[in-house]
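Take a look at the structure below. This report walks through a few of its features, one at a time.

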Amino acid sequence: MTILDDHDHGDQAAELHRTPETHAPAEVLAPTDDRRRTASGPRLSWASSEPFLERGRTAEDRVTGRDVSGWHATAASYVRHALAVDLLVSAAVVLLVLFVTQTFDGPEVVWAVAVAVVFVLLIAAFSGYDHKSLGDGPEEFRSVLRAGVGAVATVALVSVALAVDMPRGVVAATVLTVVPAVVIGRYGLRQSLHSRRSRGEAMSRTLVVGDAESVHRIITDLRAATYHGYRIVGVCLPSVADQPPQDAVPTLGALADIPQVAYDHHIDVVIVTGSELAGEALRRLSWALGRSGTELVVAPGLVEVLGPRVQLRPTAGLTLLEVETSSPRSRMFVKALLDRTLAATILAAALPVILGSAIAVALTSSGASFYRQKRIGVDGREFTMWKLRSMYKDADARRAALLGASDRDGLMFKMHDDPRITPVGRVLRRYSVDELPQLWNVLRGDMSLVGPRPPLPEEVDAYRDAVNRRLHVRPGLTGLWQVSGRANLSWEESVRLDLRYVDNWSVAMDLLILWKTGRAVFGASGAY
């Protein structure tokens, strides 16, 4: 019987030997012929009460047992740690606020404690302790921010309802301190988890199913980002006779074997990719996997399209994906406001550093302290970019002779030991001080704080096809690839990250990139 059948097994032995032609008319079986290819086990109905055989999980029919260091076994412990961090941080903040305000008795103490308690309860209400959102993705931090706003609203409503005066100073100080403190605590806990996952611990045992090409793509992407917590233990292809992807991952069965493989190999997550499984088959697979407690994740064919651009639209019994094709004007306004505000603030604070560096440049090499260069901005518009000069004044004339010695592939020129860089310039470049004058470009509107780096005109002339998409947004002082490896990345990887940013940028992503930029700059990672 096919994996789509929803009637009872009957005589299973006879059913397994029954051919498609004798089982049902050809016109009925046509839609499921692709799932009647060679399998390694019996074809059980995914809609039945027994979609897999509960046979003994011996060494011969499984990869390994349930991993005691895997995410399935450690998730509860991580949730407890997150709760402990939130409680300890909240208690410390309350004590700090009371100490600073010198109010150790009276209603202020009650209100401060109440805010902290409501805050932690609202984190739980907003799924802040759900193991599916902990340790990966922004939802964990969103729950903390929502809980902060909710705590203020809750205590304000209680104050009005009971006609009791609320000590606004104590409440405001508690909320404004506890939210960032908990975020920092959660961030530290997450970094510890990511460190464990880089060693192969706290991972979800994952089965990837689909055609070989799609499976290979998923495996490659997940292996490059272990912090997401997926450990690939095997694949299921349309047929066990299909050529497996060259990823050193065993083929554990065919599509028809997925529920049995998930049961036998203690699979935590099944990732479906490609077009082999869709529609009714995918629906019934979810039924079958539900009986073994296995999660089902579907990887759509949308490449590099992230969550903020995608919304579910239920229509006529279907689940439609609506993809945002252009950024809302409100989001663009907020980005522009954020750029101008932060750029002005940072520029004012950095002026002593810029002036001191300019003096050092002028005293140690001939030429102007500031360097101006023509770059290409949004939609191909040319502008003048400012930098502190980090090279000798004849650097541009010597560039052509050094192109063959570039340490980068593609169009971007970089050298670890570029002879054109001055001794002072090496220090400026190491900590990106030479880039600070570009804050003036941000204030002028030529650039943004976050975006693809502004290319040279000759680089743009060599752009092909999708690379031109980099010019769709304002170039940035920093960007996604700068915080993902800086000059250590290949040209192809840099372009891929730039296009991901252009297609999926948001204010929250900009703030995250700015946060990571600080770590990359002070760590001098990939800078030369």
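Are F52 and Y263 buried or exposed? Both F52 and Y263 are buried. Buried means under 20% relative accessible area, exposed means over 50%, and partly exposed lies in between, with a 1.4 Å probe and protein chains only.

## About the model

This is a predicted model: local features need pLDDT of at least 70, side-chain atom pairs count only at pLDDT 80 or more, and totals for chains, interfaces and linings use all residues. Residues are numbered from 1 along each chain as its sequence is written, and side-chain values use heavy atoms, leaving out hydrogens and water.

## Aromatic pairs

The whole structure holds 4 aromatic pairs. Rings of Phe, Tyr and Trp (its six-membered ring) pair if their centres lie within 6.5 Å; planes under 30 degrees apart are stacked, over 60 edge-to-face, and the rest tilted. One of the pairs is F52 with Y263, and it is stacked. Its ring centres are 4.8 Å apart, with 20° between the planes. F52 sits in the loop between α3 (26-29) and α4 (71-101), and Y263 in helix α9 (residues 258-264), so the pair ties together parts 211 residues apart in sequence. Helices (H or I, at least four residues) and strands (E, at least two) are DSSP runs, numbered from the N terminus.

F370 and W386 form an edge-to-face pair. F370 belongs to strand β8 (residues 370-376) and W386 to strand β9 (residues 382-388), 16 residues apart. F370 counts as partly exposed because its relative accessibility is 33%. W386, at 30%, is partly exposed too.

## Two crossing helices

Helix α5 (residues 107-125) and helix α6 (residues 139-162) have axes that come within 8 Å and cross at roughly 135°. Axes are lines fitted to C-alpha atoms, for helices over the stretch in contact, and angles run from 0 to 180 degrees between N-to-C directions. The two helices are therefore oblique to each other. Angles under 35 degrees count as roughly parallel, over 145 as roughly antiparallel, 65 to 115 as roughly perpendicular, and the rest as oblique.

Which residues make the contact? Among them are W111, F119 and L122 of α5 and S143, A147 and T154 of α6. Contact means heavy atoms within 4.5 Å.

## An exposed residue

R168 lies in helix α7 (residues 168-198). R168 is exposed, with a relative accessible area of 67%.
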